[in-house]
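Reader: I'm new to this and would like to learn how to read a protein model. Could you walk me through one?

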Amino acid sequence: MIKMLHSGWAYITLIVLVFAVVNAVIGLSSKKDFKEKDLRIPLFTLIVSHIQLIIGIIAFFVSAQFQFLRENGMGAAMKEPEIRLAIVEHPLMMILAIVAITVGFSKHKKQPTDKGKFKTIALYYGVALLFVLSRIPWSKWLSF
Ligand code: HEM
């Protein structure tokens with residue numbers, strides 16, 4: 001059930017993250033004023049990604065890959081690409097992505113100009129999006 005929740009919540013996380021980046025890039029390039037909705041979109045993304053973090057941590061401990069790690073040790077786990085992705089690469093990159101989102105949201109608030117706010121969101125959320133896209137287990141995710 002946790003795995004299904006994590007898999008389903010990933011759609012929402014990815015959609016809102018793409019939306020936040022696109023909104024910030026449009027705001028920046030068309031020199032728009034930073035309005036209420038421009039705050040709400042990255043805030044919503046922050047909340048959604050933090051929920052995914054919690055679900056992900058639970059998914060980690062109940063996963064078959066973690067079970068494999070406990071039974072066979074880190075050395076054996078690192079030799080299996082699918083297990084290495086699930087217990088090392090994916091969690092690490094996703095945590096870094098969520099850190100980038102959190103730092104970006106906090107930094108954008110301190111920016112004195114609208115341009116600075118859009119730029120900070122575009123940069124940090126953009127990096128987060130690249131991290132997420134790089135380590136989603138695409139073949140597994142899209143296979144059902
Ligand atoms: C932005 C954050 C995240 C996104 C978008 C995301 C997305 C995904 C997706 C799409 C899958 C494949 C699900 C499937 O097989 O249908 C997955 C699997 C997994 N994720 Fe995440 N994830 C995120 C964060 C995390 C974090 C922070 C952790 C752990 C600390 C984590 C641990 C796992 C594990 C262990 C699996 C494999 C589960 C299994 O095959 O049993 N994820 N994730």
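Reader: Let me start with one residue. In which helix is Ile51 found?

Author: Ile51 sits in helix α2. Helices here are DSSP runs of H or I with at least four residues, strands are runs of E with at least two, and both are numbered from the N terminus. Before we go on: this is a predicted model, where local features need pLDDT of at least 70, side-chain atom pairs count only at pLDDT 80 or more, and totals for chains, interfaces and linings use all residues. Residues are numbered from 1 along each chain as its sequence is written, and side-chain values use heavy atoms, with hydrogens and water left out.

Reader: Okay. How many helices and strands are there in the protein chain?

Author: The protein chain has 6 helices and 0 strands. Along the sequence the pattern reads α-α-α-α-α-α. As for extent, the C-alpha trace spans about 55 × 25 × 20 Å along its principal axes.

Reader: What share of the 144 residues in the protein chain is buried?

Author: First the idea: buried means under 20% relative accessible area, exposed means over 50%, and partly exposed is in between (1.4 Å probe, protein chains only). In this chain, buried residues make up 38% of the 144 residues. Back to Ile51: with a relative accessible area of 34%, Ile51 is partly exposed.

Reader: How do I read contacts, then? What percentage of those between residues at least 6 apart in sequence join residues at least 24 apart?

Author: Contact means heavy atoms within 4.5 Å. Among contacts between residues at least 6 apart in sequence, 73% join residues at least 24 apart. Leaving out residues up to four places away in sequence, Val88 touches Met74, Met78 and Ile83. Val88 is partly exposed, at a relative accessible area of 22%.

Reader: Now the metal. Which protein donors does the iron atom of the ligand have?

Author: Donors are N, O and S atoms within 2.8 Å of the metal (3.2 Å for Na, K and Ca); water is not among the atoms, so sites may look incomplete. Here the protein donors are His6 (NE2) and His90 (NE2), lying 2.0 Å from the iron atom. That pair links distant parts of the chain, with His6 in helix α1 and His90 in helix α4 (residues 81-109), 84 residues apart.

Reader: Why does His6 count as buried?

Author: His6 counts as buried because its relative accessibility is 19%. His90 gets that label too, at 17%.

Reader: And what is the geometry of the iron site?

Author: Ideal angles at a metal are 109.5 degrees for four tetrahedral donors, and 90 or 180 degrees for six octahedral ones. As a rule, six donors count as octahedral if opposite donors are over 155 degrees apart and all others between 65 and 115. The iron site has 6 donor atoms with angles of 87 to 180°, and is octahedral.

Reader: How do I read helix packing? At what angle do α1 and α5 pack?

Author: Helix α1 (residues 2-29) and helix α5 (residues 114-135) pack at about 145°, with axes 8 Å apart. Among the α1 residues in this contact are Leu14, Leu17 and Val18, while those of α5 include Phe118, Ile121 and Tyr125. The contact residues divide into 16 nonpolar, 3 polar and 2 charged. (Ala, Val, Leu, Ile, Met, Phe, Trp, Tyr, Cys and Pro count as nonpolar, Asp, Glu, Lys and Arg as charged, and the others, Gly among them, as polar.)

Reader: Last one, about the backbone. What is phi of Lys31 near?

Author: Most residues other than glycine have a negative phi. Phi of Lys31 is near 50°, a positive value in a residue other than glycine. You'll find Lys31 in the loop between α1 and α2 (36-62). Lys31 counts as exposed, since its relative accessibility is 73%.

Methods:
Axes are lines fitted to C-alpha atoms, for helices over the stretch in contact, and angles run from 0 to 180 degrees between N-to-C directions. Four donors count as tetrahedral if all angles lie between 85 and 135 degrees; four count as square planar and six as octahedral if opposite donors are over 155 degrees apart and all others between 65 and 115; anything else is irregular.
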